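I opened the model today to look up a few things. My notes follow in the order I made them.

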There are 2 protein chains.
Amino acid sequence: MTKSELISSIFSKKSYLCVGLDPDIERLPKCLQEYDDPIYEFNRAIIEATKDYCIAYKPNLAFYEALGPGGWKSLEKTMRVIPEEMFTIADAKRGDIGNTSRLYARTFFEKFNFDAVTVAPYMGEDSVKPFLSFEGKWVILLALTSNTGAADFQMLETKDGKSVYQQVLEKSQSWGGVDKMMYVVGATNPVELAAIRKMVPEHFLLVPGVGAQGGNLREISLSGLNSDCGLLVNVSRSILYASSETDFAEAAGQEARKLQTAMAEILRKID
Amino acid sequence: MTKSELISSIFSKKSYLCVGLDPDIERLPKCLQEYDDPIYEFNRAIIEATKDYCIAYKPNLAFYEALGPGGWKSLEKTMRVIPEEMFTIADAKRGDIGNTSRLYARTFFEKFNFDAVTVAPYMGEDSVKPFLSFEGKWVILLALTSNTGAADFQMLETKDGKSVYQQVLEKSQSWGGVDKMMYVVGATNPVELAAIRKMVPEHFLLVPGVGAQGGNLREISLSGLNSDCGLLVNVSRSILYASSETDFAEAAGQEARKLQTAMAEILRKID
């Protein structure tokens, strides 16, 4: 998907919500356990209930890998029921030497036809570049994550006064343009998000941490929006597990709708 | 596998060779293409030919993921033909927020029964710790990798004069002891390896980059050995693709044997 298609999807649906498809087998509603593939049935119902309110879906690969070969089949089937116009993100956090990164890239971009994949920056440019050579595909590079461990290395101050994650933002801008690269920026600190927005004024940011991890939608939007919107706000658990009963999909839809309504309100200010 | 079991395996086989099982579907010998599962047949033959000369196997997950659900089946079958006494490493370079890392850990340690998994440190302590809570299982944390991109962030100098990878070595020592944690240290620079050995005198180091990536076995051994041996030297391509004809397994065995002979010679000096 191109950047202008993504922007147009956001403004026409008045939403920058990304739904994280992280189906924890132990938390699925009991009513799904009779199915051969409860993960797929869960995803299918969640997608059906939320698709009017979001513009992206982000399966976290760990949840599928954990189920062995069957999990990858559930993911394949899930990808087939995600509507064409959705932006799809493989939350894989991969990154390896060049020939290996190339294989990961082909897996997610060609086999599964994802629009984007999350990539870890630790191994540097040649580990990221193979992901950038696919037309219309995106790298979403980890910059500042939303967990407490972000303080261990991402926030280390380097000799020239910048933190490691700021170095990641700075260096990686020469690897791929604003039409191929986004950044993961955790929503736990709106002040930091505003500073990051100054460093990368035109890049899209994927912001996890709203909901279960405590980030506040309004605060982080005011800090992170640019004139293209420039944000994808990911919400997983508070949508997926809004109810654990037979009404789980309806409850998920309502939760997504609440977020979309709030986003429409916020977007009105920049449109 | 415990540390003392690993050490005992090294000294009894006079080898610290780890064979990287990275079966590139495009480079497999033609004679295997008639099989239903050429990846598995390739691995099985390589394992049979090399098992007397190495003490560990390291499948890189990218090569299996690239093949979809079938690739994961090939990996499962491969794990079943690796002899019990081998140390097995899932080269996955994973790392995510706690609940997600826990899922990855269960996948590799419980479903596949690997002894170790490679983990990327960028997301910090809470992304690594879930991998450390499995008895007899190991984390192999990326410290200094062998690719050129290592210079981008790993070698950045932090305010207190240490590089980022040195900070990784230093901080992570409090997360897990020498019986649960190893480090990936690229073989491209023996001087750096010697300095790293001083920082982590008792930890095992997994050293890629010998062979196809240019590292020299003797040099890196002299820089990295400690009294437990303390090294696992990984070689992939120069063993796997020693021949592309029907004698591929025999050629792989000869290549592994050459390395083992050189290692036996080197080990004699510290035994």
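**Notebook: one residue, one chain, one contact**

I started with E250(A), which I found in helix α11 (residues 248-268) of chain A. Helices here are DSSP runs of H or I with at least four residues, strands are runs of E with at least two, and both are numbered from the N terminus. This is a predicted model: local features need pLDDT of at least 70, side-chain atom pairs count only at pLDDT 80 or more, and totals for chains, interfaces and linings use all residues. Residues are numbered from 1 along each chain as its sequence is written, while chains are lettered from A and ligands numbered from 1 in the order in which they are written.

I then checked E250(A) against P69(A): they are 181 residues apart in sequence and 30 Å apart in space, C-alpha to C-alpha.

**Chain A as a whole**

I counted 11 helices and eight strands in chain A. Buried residues make up 54% of its 271 residues. The C-alpha trace of chain A spans about 60 × 45 × 35 Å along its principal axes. I also looked at contacts (C-beta atoms, placed from the backbone, within 7 Å). Of those in chain A between residues at least 6 apart in sequence, 71% join residues at least 24 apart.

**The barrel in chain B**

I traced a closed barrel of eight strands in chain B, β1-β2-β3-β4-β5-β6-β7-β8, with parallel pairing. Strands pair if DSSP finds at least two bridges between them. I then picked out one pair: β6 (residues 181-185) and β7 (residues 204-207) of chain B are parallel over three bridges. In that pair, M182(B) stands opposite F204(B) of β7(B).

Key. A residue is buried if 20 or more other C-beta atoms lie within 10 Å of its own, exposed if 12 or fewer, and partly exposed in between; C-beta atoms are placed from the backbone. Two residues are in contact if their C-beta atoms, placed from the backbone, lie within 7 Å.
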